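Hi,

Here is the structure I promised to pass on. Have a look at it first, and then read my notes below.

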Number of protein chains: 2
Amino acid sequence: METFFNPRSVAVAGASQKENLGNHVVKNLKAGFDGDIYPINPNYDEIEGLPCFPSIDAIPGHVDLAIVLVPAKAVPTVLEACARKGTRRVIIESAGFSETGDAGRALQARCDEIARKNDIRLWGPNCMGIVDVPRQYFFTFMHPRIRTSGLLPGRISLIVQSGMMSAVFLAELARKGIGVSKACSIGNRADVDECDLLAFLEKDPDTDVVALYLESIPRGRRFAELAAASTKPIVLLKGGQSEAGAQAAMSHTSSLSGNSRLATGVLSGAGVVMADSVFQMMDMAHTLGAIPRLNPACRIAVMTLSGGAGILACDALARSGLTIATLSAETKKKLEAVFPPWMPPANPIDLFPAVSLRGRTAAFMDSLSAVLEDPGVDAVVIHFVAGLDEAMSEHLDNLKKRADQSGKTVIFWLMGLAEGKRQFRENARSAGIAVHSDGTRLAECLSAVAHFNAYRQRAEAEPDDRVPPIPEPRRLDLPGTTKMLDEFDSKRLLDEWRIPVVEEQIASTPEEAWAFAEQVGLPVVIKGLAPDKAHKTEHGLVKLGISDRPRLFETFARLQTQLGGKGRILVQQQVSYDYELIAGFLRDAQFGPCVMFGLGGILAELQPDVTFALAPLTETKAVQLVRSLRNRRLLQGFRGMAPLDEAAAARLLVQLGDIGAAHARIEQIDINPLVVKNGLPVAVDANVVLDKITGA
Amino acid sequence: METFFNPRSVAVAGASQKENLGNHVVKNLKAGFDGDIYPINPNYDEIEGLPCFPSIDAIPGHVDLAIVLVPAKAVPTVLEACARKGTRRVIIESAGFSETGDAGRALQARCDEIARKNDIRLWGPNCMGIVDVPRQYFFTFMHPRIRTSGLLPGRISLIVQSGMMSAVFLAELARKGIGVSKACSIGNRADVDECDLLAFLEKDPDTDVVALYLESIPRGRRFAELAAASTKPIVLLKGGQSEAGAQAAMSHTSSLSGNSRLATGVLSGAGVVMADSVFQMMDMAHTLGAIPRLNPACRIAVMTLSGGAGILACDALARSGLTIATLSAETKKKLEAVFPPWMPPANPIDLFPAVSLRGRTAAFMDSLSAVLEDPGVDAVVIHFVAGLDEAMSEHLDNLKKRADQSGKTVIFWLMGLAEGKRQFRENARSAGIAVHSDGTRLAECLSAVAHFNAYRQRAEAEPDDRVPPIPEPRRLDLPGTTKMLDEFDSKRLLDEWRIPVVEEQIASTPEEAWAFAEQVGLPVVIKGLAPDKAHKTEHGLVKLGISDRPRLFETFARLQTQLGGKGRILVQQQVSYDYELIAGFLRDAQFGPCVMFGLGGILAELQPDVTFALAPLTETKAVQLVRSLRNRRLLQGFRGMAPLDEAAAARLLVQLGDIGAAHARIEQIDINPLVVKNGLPVAVDANVVLDKITGA
């Protein structure tokens, strides 16, 4: 990777004198690159004042990196020339490859083959290459105007799958005043991909935060593992989260966007901050860079001169799941000394009356000190109106020093007049204080910082409590031809792995069924298990609430008719329960074996609350998975119900992953519902799918 | 109201020569007001070059409007002087009234009394008064810098409860380039409130859109009625939506922020667009002004030169609940003529390959024409990168003309270089095209436009199908002392109003209970109805699944012991059902009698999906209420279940409102759960609360 970013010499295949992309690359290189630049084009002797060569072979010196802009069809020839020349790093910026259908895919495969055979690492094709802002390296055909648009050097590095968007991101970051280190436009990823770059940037001393725009993550598992081990915050904007977006992503940059809920669950559990818009991604990355440490409890005090702003700040912080700090008695006492007597101190801290009474600086600084000393406060959000009062700007350095001494974070919600805001931002930047214009965005960003810090704190403390799989589960003979185990066999498999299942029995006669019913207690459920039919309820094969003998006999007969001699009949204890969960195992094309956990029931189908983690799991990771549901309150003793036995639930999830590891033929396991009664989970229905279902 | 905005003469009590608020008012008036200005202060002869008067009595001419800035305690004296002078409009901008506790509340009440006795309309206190940007009227102590900060005349009027925020809003709107008509800072609302202003602005020829920031809506019912009848879009940012925010709002501007879910439900149902942040409110108001008409179906085509932006646009639009249009076969055919052969036309329409092939203008304009002619497209979102290609700017007028001819909306998602964006925005503004920087915000704003248009379309077509209440329901004798009807009596009341209830009976002996059970079928539920205990389940007084005689007798005896001679025992058919709803009636302090409807069950308690409307309801409004749930898909035939009988559900909601109208003593009715089986709703448990519960 290093050579891509730090070549001593760069050749440009497809360079040009005309005002086009091939010319842009040379201009961009000349503007900052301090190594040798070799334009290649048989039609010119010089380009932008540099001697031009008819081919790479004609270049006298060694070429570390070739940037290729020739038409797609000519690229293989250029690659072969690079191989001859000993150039081992090539950025193909030309389009016309896998994104254009079968012919393009074949062309890309050919390039890939030439590269592999000759030990060349390929970047692209169909990309905008590399920009290194602090060093002013522009290995890209991006319009030179972007270069001069006010790009600020910074410590955020970008990895962007979409070509055009990498240029747009740079322009917008410049406009927002957010500094950038490296911007990597990776295009079709024939070879170099986001995983290679993530590993490189983790070690890059000029990068503090990595922000990515991706539409798919083909090596999802590797990506998740890198993210989990990363010491730097990673912010990911994933395109194709909606159905319409995913469909569009399928036809763009030839990438399948995959199961976005799975990617979000796995990556979020690996500490990645998931953004859902361009500017949110930028602001989150910026804030993560500005606030390297924060107590993940993130209890916030709000200070303001406007009661209205205090209320809106609380609304925004609460919407982002953050906690409004409860001030200690001591802090309140200190605030009472500043506040007018009719005003009881509370959070948000509205300083307007205090300021009228005691003067601005005293009221503000005394209150801030009190709040920073409060052990129940982790961060202070200050709403400030710029342009009407400059007093605050002068105190920013002092304010930052106090915050640092207390080990706490101060962050500004800045409104006001344009010029005053600009000035304030400049002062805040030099003092190292984060500033946001939008209170909602500020809350989202603080929440991202808390998420990352919570992950890192857990990851650092996490024991490797991987329990060896159940010693010797009787290996189930998986049937040779069936694609699916029926409900009974599925639960026998779970049972062997000590996952609690409902009491049930196959009955060949109604008498056998009734004997079982009397033994486990009424009412019972009778189900017809038709081969390869997973959706029993929709086929009318589930009969609930059978509580007397005649009804059972009659139902049994009816199911027998419905099954028409195929399949078998299952009698099952009808359990009552507090709520329904779902759990499962699946092999994902991008993320490999994963365990799934979520809420069950009909409302959860409408508003899914489900999450995923890579399998196999450790006990600790499984507990974390259980705790990561949006509606986790349901599991914590909601409405007088017993709290979920987390250890039991975690064990079950670990075991689901272990079953998958033990049986390579198992593609998917669904437990739905996994009901919970008195805190204990029990599998009521389950379904095991064997072998990859092809053609879908 | 008119005189507040168009006085011929204004007096300023508390005017000053010193650089303070009293001086700001005079400066602000001088800068634009074309009537007579009379500064009042016994200490000066002139202020800002105007003759100064010792009191209002000393002013020679008539005074239409007085602006008062003297200390709170001196305000009653000034009001009395206004009364003597015949000044009937007074804006009290001084603070120190009800927001400062009991003494301030008493002072405000005194001012109010003086005003009422003398037929004076009071604006404020504790506010920043009035700004009229197009006419440059500044009846406010706002810092003069705001006046010169680049305020743009426009057609959005603001009503802002928080003083400071009204100044901040103006500054931020100027910075964003959004024009303003009138800004009304209303403070403590001793007299003039948001309802007065809403009624005034509805008729104001200079206002197209009203945007409000409110922390409470004391005359909520009146506000909702005005909103429902308004022909102009109304955007409301309500502070205090979160618990922390609501608590803060309680101590700010002395207002109770009320039940935010009820306010949101009622107002959203009255066509109000609910915003949840300052900038979202501004952008929504701006977009509603720029797009007066839009087919509420709002099927959107996305055009872009960046595949990535197209995907992100779809994600954002889908998140806001909007529909990505399916292009017609004809449109696709037209696009095929522009697209390269390997690229099948689809929405989002990625024009990058077409542009490389056919040139920018042709590719773009041909595609746009095709899309505008598609009957399945209502709006076109164009992602455009400014600063790298100016071609588009020149075509904006033409583009707008084509859009107008087709009766459709074109809206830009604009990214790119700062200077290019500025220029593009200017051109777009003069062409009358809406432009957004943030795709997510663009989607939220389009969704707001669709919401308003859907409401107006419904309101214009709505029949007044108010059905007369059930002719002669047997009037239940409501008990004299009890605060609550027990479950059985509650359902008798519902039954009289023809609301379907579960079959049940009071049983004094186990034998009676068993006879009922045998009659309705097993299993049954037995409940102990203890007087004034609503939460039976939590008191262990509900026994489900009683399916045999011994169990019934045993349970009956146990409940009798638990009740200890008080209350009675209810036997109930145990009904199976597809899903649970809730419905109810309540009298709200701000909105009066309201009907409530929502999803039931435990998950709905965690993620409430409940909405409200003013009672009594028409049939049409009740159907609308049923359709307004977030998870409405559940009611529309989800997962093979029968769709909800909307007419039956609507009738039930109408009747709930009618019960409330018939019985003034009924404070609240809760039906929870209202279960649905085969599409038909049945009340399983119900609870009627009588008389106001005081002291809470």
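**What I found**

B:Gln108 counts as buried because its relative accessibility is 11% (buried means under 20% relative accessible area, exposed over 50%, partly exposed in between, with a 1.4 Å probe and protein chains only). This residue sits in helix 4 of chain B, residues 102-117; helices (H or I, at least four residues) and strands (E, at least two) are DSSP runs, numbered from the N terminus. Leaving aside residues up to four places away in sequence, B:Gln108 touches B:Phe97, B:Ser98, B:Pro125, B:Asn188 and B:Ala190, where a contact means heavy atoms within 4.5 Å.

Before you go on, keep in mind that this is a predicted model: local features need pLDDT of at least 70, side-chain atom pairs count only at pLDDT 80 or more, and totals for chains, interfaces and linings use all residues. Residues are numbered from 1 along each chain as its sequence is written, chains are lettered from A and ligands numbered from 1 in the order in which they are written, and side-chain values use heavy atoms, with hydrogens and water left out.

Now the rings. Rings of Phe, Tyr and Trp (its six-membered ring) pair if their centres lie within 6.5 Å; planes under 30 degrees apart count as stacked, over 60 as edge-to-face and the rest as tilted. That rule gives 22 aromatic pairs over all chains. Take B:Phe169 and B:Tyr213: their ring centres are 6.3 Å apart and their planes stand at 80°, so this pair is edge-to-face. B:Phe169 belongs to helix 6 (residues 163-176) of chain B and B:Tyr213 to strand 12 (residues 209-214) of chain B, so the pair ties together parts 44 residues apart in sequence. Both B:Phe169 and B:Tyr213 are buried. Over in chain A, one aromatic cluster is formed by A:Phe4, A:Phe5, A:Trp123 and A:Phe200.

Cheers
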